[in-house]
Amino acid sequence: MPTPGAILLVDDEEKILKALARALRGEGHRVVEAATGQAARQQLATQDFDLIIVDNLLPDVSGLELIREIALSAPESERPQIVMMTAHATIENAIEAMKLGALDFLQKPFEIDELLVVASRAIEHQRLRGQHRYLISQLDESFDHYGIVGRSRAMQAVIDRAELVAETKSTVLITGETGTGKELVARAIHDRSAQRTMPLIKVNCAAIPDALLESELFGHVRGAFTGAVSNKKGKFALAHGGTIFLDEIATLGAPLQGKLLRVLQEREFEPLGSERSERVDVRVIAATNRELRQLVADGRFQEDLFYRLNVIPIAIPPLRERREDIPVLVEHFIRKHAQRTGKRIERIEDGVLPAVQQYEWPGNVRELENTIERAVVLSRDGAIALRNIAMISPPTAQTAALPSLRLRQNLEWAERETIRRALDQAGGVKKDAAEIMGISQRALSYYLGKYRIE
């Protein structure tokens, strides 16, 4: 079934107009009819179309003139696809239409099937152009040097290593605390690689239960389990030729660790329920906020898998270890969120930068961005004031005294105190509190219920 689209059909011959519109609607397209150039202009002024099919001979204007108007009204990337049709075709007309941006040219009389094929191809072309425009806008919006902002020696070392490894297809292991920007580094590596035009597929291993993760990673065949009514490609198959980013790799269970090791060693896998192996050409980038060497020592992570993943290690330092980057990050996030919110920020008042530079930032860059976004939203008179970041608690000395000498009681006290402080820091926002503590929202819900914290 072709991709459905919105089509403006322009022809002054009513019988032809109705017949073509009926055929296009039969393919699932939304069709708006116009019998004159003026009627077409009115439709173009009030709604968006994926495709315009226009006859060259109209009672009030030629199709070429209408195409010329459309071409002048918007950049090529933002206007619909155009197909011109005429019973009086000339090479000059065809060349002129193509120069103005028409995708194709139909000479009357033509078969309905020919029109349907041309329309389907044009709408698919428009869909792909829209996707490309969206991806480019996302890159422009989200990344400043791949979104990795920092002038410190530590961050320059991260950027240098990322650029070097991008030139190869080696496996990469990115480590760092929650919120340090591990995914941005993975994107940077993929974006600078020879595989940049191929997919970058992201998988958050912690967000998917083990029972479903195998199917998600490797796919399944029909009948592999209850509810598997058709074959499904896994993330590794979708990433073929490109990069797969496995976030929170430390959460993988032992069976999946073994299957991932096989992919890294042999570059092949078996979909769930299948007896046939599939070959895959993919670069693996893994990330974790946990100490994998310790998990290996504890017997919770396969040593062979660790060495297969740790070919090129990249360790991202926490924000508290690169405080010289904080002013640059503050400026970056003010600019970003001022643009998004439409606010004009002209200055940062005295006391703001010292306050943010003294703070420990347990949630790292992500927490800093959330704080600056709130400050931008709450700002007045074009200034970021200290009161706008009042949700930042001043650094305080940790309490040395424990409530008792009983281990279990002390552990529970530490858990309750950590949760309370994180919630205070996050202004009561549970999602942000979970990020600050480096745990999932599901884990936070468990602790809130355990200690009856509202």
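In helix H16, Glu415, Ile419 and Leu423 meet Leu444, Tyr447, Leu448 and Lys450 of helix H18. Contact here means heavy atoms within 4.5 Å. Helices (H or I, at least four residues) and strands (E, at least two) are DSSP runs, numbered from the N terminus. The residues of this contact divide into five nonpolar, no polar and two charged. Ala, Val, Leu, Ile, Met, Phe, Trp, Tyr, Cys and Pro count as nonpolar; Asp, Glu, Lys and Arg count as charged; the others, Gly among them, count as polar. The model is predicted: local features need pLDDT of at least 70, side-chain atom pairs count only at pLDDT 80 or more, and totals for chains, interfaces and linings use all residues. Residues are numbered from 1 along each chain as its sequence is written, and side-chain values use heavy atoms, with hydrogens and water left out.

Two packed helices are described by the angle between their axes and the distance between the axes. The axes of H16 (residues 407–425) and H18 (residues 441–450) come within 11 Å and cross at roughly 115°. Axes are lines fitted to C-alpha atoms, for helices over the stretch in contact, and angles run from 0 to 180 degrees between N-to-C directions. The crossing of H16 with H18 is left-handed, that is, the near helix is turned anticlockwise from the far one by less than a right angle.

Helix H17 (residues 430–437) contributes Asp432, Ala433, Ala434, Glu435 and Ile436 as buried residues. Buried means under 20% relative accessible area, exposed over 50%, and partly exposed in between (1.4 Å probe, protein chains only). The buried residues of H17 pack against H15, H16 and H18. Gly438 follows H17 and has a positive phi, near 75°.

Helix H13 (residues 326–341) has 16 residues, which should span 22 Å at 1.5 Å a residue; its end C-alpha atoms are 22 Å apart, so the two values agree. The expected span is 1.5 Å times one less than the number of residues. Buried residues of H13 include Ile326, Val328, Leu329, Phe333 and His337. The buried residues of this helix pack against strand E13 (347–348), helix H14 (352–358), helix H15 (364–378) and strand E14 (383–384). Just after H13, Gly342 takes a positive phi of about 75°.

Two strands pair if DSSP finds at least two bridges between them. Strands E1 (residues 6–10) and E3 (residues 51–55) run parallel and are joined by four bridges. Here Leu8 stands opposite Ile52 in E3.

Leu51 has Gln81 in E4 as its bridge partner. Six of the six residues of E4 (residues 81–86) are buried. Gln81, Val83 and Met85 lie on one side, Ile82, Met84 and Thr86 on the other, and both faces are covered. Gln81 is also among the residues touched by Gln126, together with Asp50, Arg79 and Pro80, not counting residues up to four places away in sequence. Gln126 lies in helix H5 (residues 112–142). Gln126 counts as buried because its relative accessibility is 11%.

Another open sheet has five strands in the order E7-E8-E11-E6-E12, again with parallel pairing. Its edge strands are E7 (200–204) and E12, each pairing on one side only. Neighbouring strands of this sheet are turned by 15° against each other on average, direction ignored. Four bridges join E8 (residues 243–247) to E11. Phe245 stands opposite Ile285 in E11. Helix H6 (residues 153–166) packs on the sheet, touching E6, E11 and E12, and its direction makes about 155° with that of E12. E6 (residues 172–175) is joined to E11 (residues 283–288) by four bridges, with Thr175 partnered by Thr288. E6 also pairs with E12 (residues 312–315) in the parallel sense over four bridges. Ile312 in E12 is the bridge partner of Val172.
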